[in-house]
Amino acid sequence: MALCTVKLNQVDFTYQFGTPFAHQALFDLSLKIEHGSYTAVVGPTGSGKSTIMQLIDGLLRPTKGTVSVNGVTVSPSSSLRQLAALRATTGFVFQLPEKQLFAETVIEDVMFGPLNNGQSASAARENACQALQQVGLGKEFEQQSPFDLSGGQMRRVAIAGVLAMKPTLLILDEPTAGLDSQGARQILELVDRLHQQGTTILLVTHHMEQVATYADQVVVINHGRLAFQGTPRKLFADRKLLAENSLRWPAAVSFDHALRDGGVHLPGPVSLSLDELADKLATQLKGRDQDE
Amino acid sequence: MAAIVTTKDLTYRYTTDGKAALDKVSLTIPAGQWTAIIGHNGSGKSTLARLIDGLLAPTTGSLTVAGMPMDDEHVVAIRHRIGYVFQNPDNQFIGTTVGEDVAFGLENHQVPREKMQEIVEQSLDLVGMSQMIDEQPASLSGGQKQRVALAGVLAMEPDILILDEATSMLDPAGREQIDRLLLKLQRERQMTIISITHDVVETLAADSIIIINDGHLVKQGPADEVLSDAVGLLQLGLAAPFVGRLRLALEKRGIKVPAKVTDGQRMVEWLCAQLS
């Protein structure tokens, strides 16, 4: 049996529970995330995606049920200290994380987490340097003010601040929002690299191309309930499921379908990515040239 | 087509001796149309939007908005005509509930209470958030906050709507819904829409596109024409629409695609003719 990094067991969550403002966000949600997987979490805005991530990071306490991360389990009766224990192995890159940058220099900002965790200054500096290297920011950035950097660079500094804590589970909530294509690609390639080095990835996204290109598992959340868990290929093959959850095909899948509907014979299952589709088309087009 | 924004040699420097964030940009934006301004992060596109809204004053050069020169005398009158939705909705939340937040601008304009309530409800209904009127902004998701921020601006019935990456957190269906709403309002209210983005998916509803790169105006033209130049977009650090990228991917694999194949439909037709 595969090891699970994250396990949610029949979790309910209600914001401001027991007050007139009570608002239930999650309903009887059970979910397992396997160790070493790259899982995309999708669903309409307000469906409960970010609430789940905050439960996994110990920022919220379940109203009912249990949440386990790397062997630590919390329940509605857990103390704040126990909640914090969930966070020991988890790194959370929030939406627009560059909002949280505060230090005068890049290196101080990235060192803040490790220092706060009780590491010595030299250990914290070493971890910070490594993390900056991982996100592709060289030595020349260390003494700069994070506020003089471009949007994409600031976001990478913020991610480095999370990586400096050496998480084995990395949660990213819309990490490419507001970044241009180059900045977005750098972040996605970085996350892909971390995954290949063994980090478990949870990526909250609205971009179906990211789901199709990078994730090996996808979780669909709708109205606070689990609507689907499986491979991206299985999700994109299910038109009804996509429609029910306001999801769309990635461009490659739409295009592949349009070609098949137009009478083009393409081998194998539907293409999930641009490269997959281009490979198939190039093979077919070259085959045609040889026939002539 | 009458111009609603005209700039002449518009230049802005954030520091006196620094590089110009915007360098001698002269352009016109037609009234009643949807114009998308695209460019990579740091290209100067948000600086241009802030100059149009009078949030920044030009270092040199001039601009005219809604027939008024942008100067100390007119800046307030110009602002009254513009609704600006920022990228990060947390930067513009004021009220303790969604409804109060949308009402804030109307209160400032001393709209009578009954009328105000009606406008608040209508505006939230437009963006699909009327059920959340009594919720606290903090309990909303990123995409819901973006919808509320838009409602607050639409309540003021601006002549010019500036959207600065304002739909970046919406799900695909939500973005289509907001695009349809904006197109409808553009027609019904003769509203001018100026959207700032680097994501070509967010320009699909636009009539025309302006490309800004390193503070310079690179290109201005009809949306379909600008978007069909995949190589040009790529060189500017922008992602081309899918069809343009597919063409490049096929060319990389030694397949020659005819020049006339510029959009999705033509690409499907061409491939079907070749392969079926």
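Guide: Two residues are taken to be in contact if their C-beta atoms, placed from the backbone, lie within 7 Å. This is a predicted model, in which local features need pLDDT of at least 70 and side-chain atom pairs count only at pLDDT 80 or more, while totals for chains, interfaces and linings use all residues. Residues are numbered from 1 along each chain as its sequence is written, and chains are lettered from A and ligands numbered from 1 in the order in which they are written.

On that basis, 40 residues of chain A and 36 residues of chain B make up the contact. On the side of chain A that touches chain B, at least two residues each come from α5 (151-163), α6 (181-196), α10 (251-261) and α11 (274-291) of chain A, where helices are DSSP runs (H or I, at least four residues) numbered from the N terminus. The largest share of that side, nine residues, belongs to α11(A). By class, the side of chain A that touches chain B holds 18 nonpolar, 17 polar and five charged residues, with Ala, Val, Leu, Ile, Met, Phe, Trp, Tyr, Cys and Pro counted as nonpolar, Asp, Glu, Lys and Arg as charged, and the others, Gly among them, as polar.

Chain A is assigned domain 1 (4-246) and domain 2 (249-292), with bounds that come from an automatic or database domain assignment. The centres of these two domains of chain A, taken over C-alpha atoms, are 35 Å apart, and nine residues of domain 1 of chain A are in contact with nine residues of domain 2 of chain A. To the domain 1 side of this contact, α7 (208-214) and α8 (232-236) of chain A each give two or more residues, and α7(A) gives the most, with four residues.
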